[in-house]
Amino acid sequence: MTDTARARKLADRIRVVVAETLQRRIKDPRLGYVTITDTRITGDLREATVFYTVYGDDEERAASAAALESAKGVLRSEVGRQTGVRFTPTLTFVPDALPDNARTIDDLLAKAKAADAEVREASSGATYAGEADPYRKPGEEDEETDADGNDGESPSGGKGAAGA
């Protein structure tokens, strides 16, 4: 097995090589605004997964995926030439789910904000069920406390003198 630092360095180098090659050498008209977001490589350095995003609608995403698939050989040979590893890893292109996840989180945050505004609107005219400050403050006498300082209980723990 190889160390993870080497795999991480190779993955970063593959990401840079693929991005530069897409920008400079691949002239496929189907290729839209593709951004290489991440690259992961297996521990044996044989397979690399390249994550990408495409700016546009579903049709442009499908066209860019087909263009990446057809350019896989050129990209792999360029990766092998620039990295100098003994075995050039096979490349697999996977659309990154990050923009969809971000959109979902934005929608959930908008719903939470609307719910908070709804609760704030409902509570704007509300009053307290009891007193505004329900806590006792030091030095205040409570009406249940008698002159002896007892709270109306007998020393035996029961209420009153009758001992029910």
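Student: Which residues are linked in a network of salt bridges?

Tutor: This is a predicted model. Arg 81 and Glu 78 form a salt bridge, with their closest N and O atoms 2.5 Å apart. A network of salt bridges links this pair with one further residue: its members are Arg 25, Glu 78 and Arg 81.

Student: Why are Arg 81 and Glu 78 separated by about one helical turn?

Tutor: Both sit in helix α3. They are about one turn apart because their spacing in that helix is three residues.

Student: Is Glu 78 buried or exposed?

Tutor: The cut-off for buried is under 20% relative accessible area. Arg 81 has 60%, so Arg 81 is exposed. Glu 78 has 5%, so Glu 78 is buried.

Student: How many salt bridges does the count come to?

Tutor: Arg 40 pairs with Asp 38 at 3.3 Å, N to O. Glu 69 pairs with Lys 72, with closest N and O atoms 2.7 Å apart. These are among the salt bridges counted, and the count comes to five.

Student: What should helix α1 span, at 1.5 Å a residue?

Tutor: Helix α1 runs over residues 4-24, which makes 21 residues. Its end C-alpha atoms are 30 Å apart.

Student: Within what arc do the buried residues of α1 fall?

Tutor: The buried residues include Leu 10, Ile 14, Val 17 and Val 18. Seen down the axis, the buried residues line one face of α1 because they fall within an arc of 135 degrees.

Technical notes. Residues are numbered from 1 along each chain as its sequence is written. This is a predicted model: local features need pLDDT of at least 70, side-chain atom pairs count only at pLDDT 80 or more; totals for chains, interfaces and linings use all residues. Side-chain values use heavy atoms; hydrogens and water are left out. Helices (H or I, at least four residues) and strands (E, at least two) are DSSP runs, numbered from the N terminus. The expected span of a helix is 1.5 Å times one less than its number of residues. Buried means under 20% relative accessible area, exposed over 50%, partly exposed in between (1.4 Å probe, protein chains only). The arc is that of the directions from the helix axis to the C-beta atoms. A salt bridge is a side-chain nitrogen of Lys or Arg within 4 Å of a carboxyl oxygen of Asp or Glu.
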